[in-house]
Amino acid sequence: MSRPTPLLAALALAAILLPAAAGHADHGAAVSAPAPQPRISARPLALTAQGATVVAVPPGATETSAFLTLRNTGQAPIVLTGVRTPLARHAMLMITRRDLQGLTGMSGVNTLTVAAGSTLRMGPDGDHLMLMDLTRVPKVGEKVPLTLTTRDGRSLTVSAVVRKP
Ligand SMILES: [Cu+2]
């Protein structure tokens, strides 16, 4: 996420230049330049999204839900920690559970995990994204960006279509 500071950049440069300056001296202080690490944000997230939908709501509604199908094409689990969108001031991950009486209820969760090589199919009756304190009324057919964030600090932005429930 963060850019290298000038100091760090200078240190990195020194680490690269020092061995060259030492020439072939075998007994000098051997400074081995560490291999440059790719910045975390530069690694692509092995996550693909399909069918991203924001549920249309009538004027005056203050919240709605959104869902999509996520496929983890990688070798490690991907832990979602949140969602944001310009359409809502607050947004959260939610699950739907059926209690012993057969009643369903939603509850917010801190994380949703997409296991390696598997698919998380969100939907109106299951896991979903809750968009609260809407900034405006979404129009049927328009596209709204949804940005999912992951525990390792990366994100995936998808274009969700506003659809009638
Ligand atoms: Cu909800």
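A salt bridge is a side-chain nitrogen of Lys or Arg within 4 Å of a carboxyl oxygen of Asp or Glu. The structure holds three salt bridges. This is a predicted model: local features need pLDDT of at least 70, side-chain atom pairs count only at pLDDT 80 or more, and totals for chains, interfaces and linings use all residues. Residues are numbered from 1 along each chain as its sequence is written, and side-chain values use heavy atoms, with hydrogens and water left out.

**Salt bridges**

- Arg89 and Asp133 pair through their side chains at 3.0 Å, N to O.
- Arg89 lies in strand 4 and Asp133 in strand 8 (residues 128–134), so the pair ties together parts that are 44 residues apart in sequence; strands (E, at least two residues) are DSSP runs, numbered from the N terminus.
- Glu142 meets Arg136 at 2.9 Å, N to O.
- Glu142 is buried at 18% relative accessibility, while Arg136 is partly exposed at 38%; buried means under 20% relative accessible area, exposed over 50%, partly exposed in between (1.4 Å probe, protein chains only).
- Arg154 bridges to Asp152, with the closest N and O atoms 2.8 Å apart.
- Arg154 is buried at 11%; Asp152 is partly exposed at 36%.

**Copper site**

- Met94 (SD), Met106 (SD), His128 (NE2) and Met130 (SD) coordinate the copper ion at 2.1 to 2.3 Å; donors are N, O and S atoms within 2.8 Å of the metal (3.2 Å for Na, K and Ca), and water is not among the atoms, so sites may look incomplete.
- The donors follow the spacing M-x11-M-x21-H-x1-M.
- Met94 is buried at 9%, whereas Met106 is partly exposed at 45%.

Terms used:
Helices (H or I, at least four residues) and strands (E, at least two) are DSSP runs, numbered from the N terminus.
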